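Subject: Structure handover

Hello,

Here is the structure for you to look at. My notes on what turned up follow below it.

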Amino acid sequence: EPDIDPFEYKDEPPLLKYSSIINIGSASSTIPDRTGSIYAATKAGIDMLTKNLACEWAKDRIRVNCVSPWYIGTDLALQVLKNEKFKAEVLGRTPMRRIGEVREVAATVCFLAMPAAGYITGQVLSVDGGYTINGLH
């Protein structure tokens, strides 16, 4: 049985073992919303760039992933969500019925950068309270 610890690299500093790029996307790349065509198209482009670069750069031990949030409690999002009618609509389409926290996105980025995520590449990971899978529920 090999002596492999998925949480730590032995014999080499981590940066010599692999590199990790984490792009920041948006739920708007997957589900049409009111952010506008240009924003949605550029975020969809980030998703596909992530997948293509993951394939192209894997041979060089570079992993490429994307974290794709929905409404997160940033200053900008909180300004938009001051409109109570709009906020109720956002929460109504979010199965977890809350706005995400900045630390939840940050923790996801940290995980993807860790050796424990060493076999994950080309993925767009939604941090959205279930928004992108909600359908007509």
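Serine 29 sits in the loop between strand 1 (19-24) and helix 2. Bear in mind that this is a predicted model. Serine 29 has a relative accessibility of 17%, so it counts as buried, the cut-off for buried being under 20%. Its side chain reaches the backbone oxygen of serine 26 at 2.9 Å. The side chain of serine 29 also makes a polar contact with the side chain of threonine 30, at 3.5 Å. Leaving aside residues up to four places away in sequence, serine 29 touches Ala40, Lys43, Ala44, Asp47 and Ser68.

**Overall layout**

The protein has five helices and three strands. From the N terminus, the elements run α-β-α-β-α-α-α-β. Of its 137 residues, 30% are buried. Take the contacts with a separation of 6 or more: 72% of them are between residues 24 or more positions apart.

**Serine 20**

Serine 20 is in strand 1. At 25% relative accessibility, serine 20 counts as partly exposed. A polar atom of its side chain lies 3.5 Å from the backbone oxygen of leucine 112. Not counting residues up to four places away in sequence, serine 20 touches Arg63, Leu112 and Ala113. The C-alpha atoms of serine 20 and arginine 61 are separated by 8.5 Å. Along the chain, those two residues are 41 residues apart.

**Two arginines with positive phi**

Arginine 61 is not a glycine, yet it has a positive phi of about 60 degrees. Its place is in the loop between helix 2 and strand 2. Arginine 61 is partly exposed, with a relative accessible area of 46%.

Arginine 97 also has a positive phi, near 55 degrees, and is a residue other than glycine. Arginine 97 lies in the loop between helix 4 and helix 5 (102-113). With a relative accessible area of 49%, arginine 97 is partly exposed.

**Helix 4**

Which residues of helix 4 are buried? In this helix (residues 84-92), they are Phe86, Val90 and Leu91. Seen down the helix axis, the buried residues fall within an arc of 135 degrees, so they line one face of helix 4. The face turned away from that buried side carries the exposed residues Glu84, Lys85 and Ala88. Helix 3 (75-80) is included in what covers the buried residues of helix 4. Look at the start of helix 4 too. There, a side-chain oxygen of asparagine 83 comes to within 3.0 Å of the backbone nitrogen of lysine 85.

**Aromatic rings**

A pair of aromatic rings is described by the distance of the centres and the angle of the planes. The structure holds three aromatic pairs. The rings of tryptophan 70 and tyrosine 71 have centres 4.8 Å apart and planes at 80 degrees, so this pair is edge-to-face. Tryptophan 70 and tyrosine 71 are both buried.

Tyrosine 71 also pairs with phenylalanine 86. That pair is edge-to-face, at 5.8 Å centre to centre and 75 degrees between the planes. Tyrosine 71 is in the loop between strand 2 (62-69) and helix 3, and phenylalanine 86 is in helix 4, so the pair ties together parts that are 15 residues apart in sequence. Tyrosine 71 counts as buried, at 16% relative accessibility. Phenylalanine 86 is buried, with a relative accessible area of 16%. Trp70, Tyr71, Phe86 and Tyr131 form one aromatic cluster.

**The largest pocket**

Rolling a probe the size of a water molecule over the atoms shows where empty space is left. How much space lies in the largest pocket? About 380 Å³. The pocket is lined by 16 residues. The closest to its centre are Ser26, Tyr39, Trp70, Tyr71 and Ala77. Helix 2 (37-57) and helix 3 each supply at least two residues of the lining. Helix 3 gives the most, with three residues.

Best wishes

Technical notes
Residues are numbered from 1 along each chain as its sequence is written. This is a predicted model: local features need pLDDT of at least 70, side-chain atom pairs count only at pLDDT 80 or more; totals for chains, interfaces and linings use all residues. Side-chain values use heavy atoms; hydrogens and water are left out. Buried means under 20% relative accessible area, exposed over 50%, partly exposed in between (1.4 Å probe, protein chains only). Helices (H or I, at least four residues) and strands (E, at least two) are DSSP runs, numbered from the N terminus. The arc is that of the directions from the helix axis to the C-beta atoms. Contact means heavy atoms within 4.5 Å. A polar contact is a pair of N or O atoms within 3.5 Å; within protein, one must be able to donate a hydrogen and the other to accept it, and residues adjacent in sequence count only if both atoms are side-chain atoms. Rings of Phe, Tyr and Trp (its six-membered ring) pair if their centres lie within 6.5 Å; planes under 30 degrees apart count as stacked, over 60 as edge-to-face and the rest as tilted. On a 1 Å grid over the protein atoms alone, a cavity is a set of points where a 1.4 Å probe fits but cannot get out, and a pocket is an open set with protein on both sides within 12 Å along at least five of seven lines; lining residues have an atom within 4 Å of a point. Grid points are joined across faces, edges and corners, and a volume is the space filled by probe spheres set on the points.
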